Amino acid sequence: MSLVIYGIAASRAFRVLWAARELDLPYEHVRHHYKGPEVKAAPYLAINPMGCVPAIADDGLPLFESLAINLYLARKAGRLWPNAPYGEGLVYQWTLFGGTEVEPLLGPWFYHTTFLPPAERKPEVAADAAATLPQRLAVLDGALARTSWLAGDEFTIADLNVASVLFRGPAFGLDRWPRLRDWHARCYARPAAKAAVAEREARP
Ligand SMILES: N[C@@H](CCC(=O)N[C@@H](CS)C(=O)NCC(=O)O)C(=O)O
């Protein structure tokens, strides 16, 4: 059995590295930079035809899309994965919610307030995202009023996926949603999360 994870920790590969640690999976880490020529070269494009990171090769089987990779790894390991079909439904629901409703807002907000050089920032893009994001965060906060984790009473891959999408959540500010803020802190207090964060900070 061999698992190869492609992509530096300071990228969406962080999500997969966190999941692999949570699942106690041994892996080889190939630190391709998302701006590097290797991610646009044929050998890597055969693994991820989008030419971006992360991707994995699991016993030679290629897979891309960070959140899908995490669903696959958890399902295959049989850990961080609910037993009941409804729990699985919640895992899919929250993962897709993170990827389609939160990431497309938080990403541009972060880019246009912090990441891009000031001359390239578009304040109107950040403002639009900041206007819409609170409704999504309130939905998550409401869910956490019912159960302590997103798919029930145990931490699952849904929590990991959404928390990783919300990596920049504290920079946006989560104090208006105390349950979400506390859940985020609980997710990032996990030893596997701490190790993955340390890795992304050590090797930018
Ligand atoms: N939806 C993809 C997005 C992957 C993505 O955009 N990765 C960035 C790094 S975080 C990248 O490789 N960008 C370089 C490029 O697109 O050329 C996923 O979640 O895996």
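Predicted model: local features only at pLDDT ≥ 70, side-chain atom pairs only at ≥ 80, totals over all residues.
Let me begin with Ser66, which is buried, its relative accessible area being 5%. The cut-off for calling a residue buried is under 20%, so Ser66 qualifies. Ser66 belongs to helix H3. Leaving aside residues up to four places away in sequence, Ser66 touches Arg12, Arg15, Val16 and Pro54.

I turn now to the overall division of the protein. There are two domains: domain 1 covers 3–79 and domain 2 covers 85–194. Their centres, taken over C-alpha atoms, are separated by 21 Å. To the contact, domain 1 contributes 12 residues and domain 2 contributes 19 residues.

How much area do domain 1 and domain 2 bury between them? The figure is about 1,400 Å², with 70% of it on carbon and sulfur atoms. On the side of domain 1, the residues that lose the most area to domain 2 are Trp18, Leu67 and Leu71, and together they account for 45% of what that side buries.

The interface also has a polar part. Three salt bridges are found across the interface of domain 1 and domain 2. Separately, I draw your attention to the salt bridge between Glu103 and Arg12, in which the closest N and O atoms are 3.5 Å apart. Between the two domains, five residue pairs are in polar contact. As for the elements involved, H1 and H3 each supply at least two residues of the side of domain 1 that touches domain 2. Of that side, H1 gives the most, with six residues.

In general, nonpolar side chains in soluble globular proteins tend to be buried together. Here the largest nonpolar core has 58 residues, and Trp18, Leu140 and Trp183 have the most contacts inside it. Among the elements that give two or more residues to this core are strand E1 (3–6), helix H1 (13–22), helix H3 (66–77) and helix H5 (123–146). Helix H4 gives the most, with nine residues. Where does this core lie? Both domain 1 and domain 2 give residues to this core, so it lies between them.

Not counting residues up to four places away in sequence, Trp18 touches Phe155, Leu160, Ala163, Ser164, Cys187, Tyr188, Ala192, Ala193 and Ala196.

Definitions and conventions: Residues numbered from 1 in each chain as written. Heavy atoms only, no water. Core = buried A, V, L, I, M, F, W, Y, C linked by side-chain atoms within 4.5 Å. Buried < 20%, exposed > 50% of the residue type's maximum accessible area, 1.4 Å probe, protein only. Helix = DSSP H or I, 4+ residues; strand = E, 2+ residues; numbered from the N terminus. Domains from an automatic or database assignment. Contact = heavy atoms within 4.5 Å. Buried area = accessible area lost by both parts, 1.4 Å probe. Salt bridge = Lys/Arg side-chain N within 4 Å of Asp/Glu carboxyl O. Polar contact = N/O pair within 3.5 Å; in protein donor to acceptor, adjacent residues only side chain to side chain.
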